[in-house]
Amino acid sequence: MPEILSLDELRERFSNASGGEMFDPEFRKVAELVFGEGDRRQAPYCGVPTLLKAPYRPDAAPSFTDMDIALFGIPMDLGVTNRSGARFGPRAVRNVDRVGPYDHVLRTVPTAHARVADVGDIPFKSRFDLAASHDDIEEFVGGLIKAGVVPLAVGGDHSVGLPILRAVGRDRPVGMIHIDAHCDTGGSFEGCKFHHGGPFRQAVLDGVLDPRRTIQIGIRGNSEYLWEFSYASGMTVIRAEDVGDLGISAVIAKAREIVGAGPTYVSFDVDSLDPAFAPGTGTPEVGGLTSAQALGILRGLIGLNIVGGDVVEIAPQYDPTSNTAQIAAQVLFELLCLAAEAIKVRAS
């Protein structure tokens, strides 16, 4: 940390210093990455909103050249079982204007280590057909994987996890750190097994998700009997109340132990948070994680072999404060930090 100065020393050093001029070597390094030369940067409320203010490249498909990480929206909620509206999640997250570019806990500027772009929203052939929408998602993410680009998605309901994992885990099953109120390993309902309550059962059965390398954190509510598959398949389940009892450090240690060094996907449902923090979601469950707990867990995953991630179930119309979108944008930024660090490690 910077040295503590007397008033005379403070006056001498800072009276004529600009807002972008830093004297501590570590802070100066960050300021140079953020500001470049001088102390000017675009006001956060100016310009066209994009995910984390990344360069907007909606025409990048199908080659996805000159990028390492792609941020994209999935405006689709045909898989919800209760309140619809997560189709508006990507737009709400784009409208959040003050997240990043520096993570004060991880002490990193992820865009210094990776080329990042907002590649727009997945184009759907039909807004009415869930199965066809899943095919479109799998094809789009498959193009990113083929190009060697790490996918980070903003949904959309949680059914999108299945087609993403089918693309990410096509060549080998991946592990997963899943932060949610619900296990989402239910079976078929009313003749459909592709709803947002069952993507991870199907992903295991499809051979793209390794249940022994999967941990589910924050689980609670009145539907545990629907998630027998999680226990039968060998997934590790940590309930929301256990997070408080165990402590964040123990939860992080368990997650790192479960996924190990192998390729790992991170899926974050905003209903993992207590509705006091994130009411804008389709299936709120009281007694959830705090935003500080969730961010602490995510930051504890730094250095893992992260190959993709998502933040889903943001339904902004249920939250007039916009807090849910703000939290979702911060979660997306943490996922970006994790992915950028993983790219740096894999390149070393």
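The lining of the largest pocket in this predicted model divides into 20 nonpolar, 3 polar and 4 charged residues, where Ala, Val, Leu, Ile, Met, Phe, Trp, Tyr, Cys and Pro count as nonpolar, Asp, Glu, Lys and Arg as charged, and the others, Gly among them, as polar. By pocket I mean, on a 1 Å grid over the protein atoms alone, an open set of points where a 1.4 Å probe fits, with protein on both sides within 12 Å along at least five of seven lines, and lining residues have an atom within 4 Å of a point. Val-34, Arg-41, Gly-100, Pro-101 and Tyr-102 lie nearest the centre of the largest pocket, and helix H2 (25-35) gives the most to its lining, with 6 residues.

Local features here need pLDDT of at least 70, side-chain atom pairs count only at pLDDT 80 or more, and totals for chains, interfaces and linings use all residues. Residues are numbered from 1 along each chain as its sequence is written, and side-chain values use heavy atoms, with hydrogens and water left out.

Turning to salt bridges, meaning a side-chain nitrogen of Lys or Arg within 4 Å of a carboxyl oxygen of Asp or Glu, the structure holds 16. One of them joins Asp-118 and Arg-94 at 2.9 Å, N to O, and this pair links strand E2 to helix H3, 24 residues apart. Asp-118 is buried at 0% relative accessibility, as is Arg-94 at 10%, buried being under 20% relative accessible area, with a 1.4 Å probe and protein chains only.

Notes
Helices (H or I, at least four residues) and strands (E, at least two) are DSSP runs, numbered from the N terminus. Buried means under 20% relative accessible area, exposed over 50%, partly exposed in between (1.4 Å probe, protein chains only).
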